[in-house]
Amino acid sequence: MKILIVEDEKALLQSIASYLEKDGNVCETASTYEDALYKIDLYEYDLLVLDINLINGSGLDILHLLKKNKKETATIIISANNSLDDKLKGLDLGADDYLTKPFHLAELNSRIKAVLRRGKFGGTERLEFNEILIDTRSRTSYIKDKAMSLTRKEYDLLLFFITNKGRVLSKEIIAEHLWGDHSDMVDNYDFIYVHINNLRKKLTDAGAKYIKTAYGSGYKFMED
Amino acid sequence: MAEPTKKIKLLRKTSKTFLWISLILMVFSTIGLYFYVRNLLQNEVEEELRSTEARIESSISGNNPIYQLAPMVEVETVSNLGAEHLKDTLIFDPSQNEIEEFRELITFSKINDQNYRITVRALIVESEDILIAVVISYLIVILFVFIFLFYLNKSRTEKLWNPFFKNLEQMKLFSLTSETPISLMDSDILEFSELNTEITMLTDKVRADYKNLKQFTEDVSHELQTPLAIIQAKVDTIINGEALNDLQFEQLSSIQYDIQRLKQLNKKLGLISKIENDQFTNISPCNLNHILKDRIENLSELYPSEILFESNEDVVLLMDAHLAEVLCDNLLSNAIKYSLPNTPIVIILEKDSLSVRNKGIRAILKPDQLFQRFYKESDEVKSTGLGLAIVKKICDLYGFQPSYRYSNNEHHFTISLPKQ
């Protein structure tokens with residue numbers, strides 16, 4: 001995938017780029033409004049990660065221009081502004097998703113994959129990992145062609161693991177992905193262990209031992 | 001502490017003062033007038049008596065027959081001369097057939113070697129009638145004058161103070177959160193005009209400060225997002241970088257936890273300032289039953305025991321849909337956070353109230369501070385301390401009444417809803 005990241009904070013820009021590159025994506029970066037316009041004009045991208053508040057202009061204008069030129073580029077807005085209005089405005093202009101800063105890179109990665117899976121970007125709504133197959137349209141999962149009975153959260157968890165395969169995921173990242181703002185509600189993360197252990201058991205029972213413990217309290221989804 | 005003084009209305013006070021002064025003036029001037037006129041009349045009578053007496057004396061010395069007209073004039077011959085005296089006396093008046101009061105002048109004179117006692121009298125009734133007539137007419141006139149002056153004064157004062165009263169009403173209506181500046185009635189009175197200028201300056205300053213303060217909170221919460229995003233991205237990068245040891249991972253994971261707390265704090269402060277800035281204008285009918293069911297479903301996995309929801313009828317409120325969700329979420333999450341483990345949480349929605357109750361160990365120590373920002377009972381539960389403050393802000397915005405009570409080992413949070 002060819003991705004353009006437009007973000008005026010260079011530190012954040014670098015972190016995002018290096019995270020996404022690990023999955024084999026080609027990442028280009030633009031830290032100014034002009035640079036972004038220039039690159040969009042010259043090249044074609046599969047995906048645009050777009051910050052709204054740029055120093056010399058608004059990311060919304062870039063999005064507007066992109067849509068005017070009828071470019072089939074998937075767009076995810078990242079913004080420090082969490083107002084509903086901005087979000088709606090961005091989505092109205094044709095953005096495919098909206099992520100409020102600060103976010104976990106794993107979260108951004110999983111949103112990117114979700115956007116790209118959508119048919120209009122030539123993706124498939126099926127996700128495979130060895131013997132595991134997930135149909136994101138019907139929200140069902142199969143292991144060795146046998147349907148798995150997963151709860152809603154277990155399904156979300158499995159999808160999150162597979163889209164971030166090979167990455168270390170701390171319980172904080174997982175909690176935030178599953179419960180968003182409410183992840184701080186309970187002090188300990190027992191409720192996460194319950195879901196992870198249930199999912200792990202269901203996978204292990206079918207012979208898939210992919211959920212590994214990393215550094216004692218984190219998780220990593222990978223082949224042996 | 002000094003006793004608060006009794007408050008009285010300005011117009012009443014000036015009227016009261018006017019009335020008192022009028023009354024005192026009336027009483028003293030009437031008393032003064034009474035004595036002055038009485039004295040005047042007495043002198044008049046005395047002069048008249050003396051003049052009559054002189055005429056009689058001159059008539060006697062002219063050897064004219066002695067003029068007698070009892071009880072007005074009496075002339076007697078006496079052996080010795082006595083001292084002259086002037087007094088009031090009561091005498092039977094045959095013509096009136098009753099006892100009347102007279103002014104009496106008795107003089108002694110020696111005329112043509114004969115000693116005479118001459119008594120001259122005048123009816124006092126007459127002068128008293130005059131006195132009363134004068135005083136009464138004075139009273140009537142001055143009463144009319146005072147009544148006239150009173151109303152004239154009142155209407156003048158009212159007119160004079162009118163800008164003051166109008167502006168006072170404006171100031172009472174003044175709200176910090178209002179977008180429009182205070183509009184005061186101008187006056188041709190210099191002091192009032194100066195007062196207006198000062199008030200306008202003060203309210204403008206207060207409004208600007210308030211706005212800045214609110215803007216500041218919003219700006220800070222907004223500006224913090226970017227550095228937080230960078231920190232978070234870097235921590236994420238480190239976690240996926242070169243091999244760490246368990247302790248390092250533990251610490252990075254703990255940093256992530258605190259970033260999450262900061263994010264929440266930031267988000268909630270931003271939400272509060274947005275509510276205060278009245279930025280939730282997307283008002284639509286919100287079905288609380290649907291919202292509650294949805295929120296309960298979403299949160300039930302975070303709570304090991306049951307969350308019971310009871311409602312007999314649909315409650316639809318006109319409010320911002322997002323705020324309706326936040327209100328339900330915050331009440332619910334508060335109950336989840338502080339509920340005793342393995343006890344159910346009960347939510348009851350009625351036409352005019354929404355109540356959430358959960359088991360607790362003891363009542364809140366300072367229930368009056370419960371809805372304030374950053375109020376925390378203990379450090380046991382890591383909370384931003386803003387959840388209930390947000391509930392209160394939303395309630396204030398829509399005129400709901402939040403309340404708390406503790407009974408049967410249960411915390412009850414009740415939101416009284418207005419009639420729809």
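**Strand β11 of chain B and its setting**

Strand β11 (residues 410-416) of chain B has a covered face made of His411(B), Phe413(B) and Ile415(B), and an uncovered face made of Glu410(B), His412(B), Thr414(B) and Ser416(B). Strands here are DSSP runs of E with at least two residues, helices are runs of H or I with at least four, and both are numbered from the N terminus. In a regular strand the side chains alternate between the two faces of the sheet.

The model is predicted: local features need pLDDT of at least 70 and side-chain atom pairs count only at pLDDT 80 or more, whereas totals for chains, interfaces and linings use all residues. Residues are numbered from 1 along each chain as its sequence is written, and chains are lettered from A and ligands numbered from 1 in the order in which they are written.

β11(B) pairs with strand β9 (residues 353-359) of chain B in the antiparallel sense over 7 bridges; two strands pair if DSSP finds at least two bridges between them. Within this pairing, Arg357(B) has His412(B) as its bridge partner. Strand β10 (residues 401-407) of chain B is also joined to β11(B) by 7 bridges, again antiparallel, and Gln401(B) stands opposite Ser416(B). β10(B) and β11(B) form a hairpin with 2 residues between them, and Asn408(B) in the turn has a positive phi of about 50°.

Turning to the nonpolar cores, the largest has 103 residues, and those with the most contacts inside it are Val6(A), Ile16(A) and Val49(A). A nonpolar core is a set of buried Ala, Val, Leu, Ile, Met, Phe, Trp, Tyr and Cys residues joined through C-beta atoms within 7 Å. A residue is buried if 20 or more other C-beta atoms lie within 10 Å of its own, exposed if 12 or fewer, and partly exposed in between, with C-beta atoms placed from the backbone. Helix α6 (residues 321-338) of chain B gives the most to this core, with 9 residues. A second, separate core of 6 residues includes Val45(B), Leu105(B), Ile118(B) and Val120(B).

Between the chains, 38 residues of chain A are in contact with 36 residues of chain B, contact meaning that C-beta atoms, placed from the backbone, lie within 7 Å. On the side of chain A that touches chain B, the elements giving two or more residues are α1 (10-21), α5 (105-117) and α7 (171-179) of chain A. The largest share, 6 residues, comes from α1(A).

Terms used. Two residues are in contact if their C-beta atoms, placed from the backbone, lie within 7 Å.
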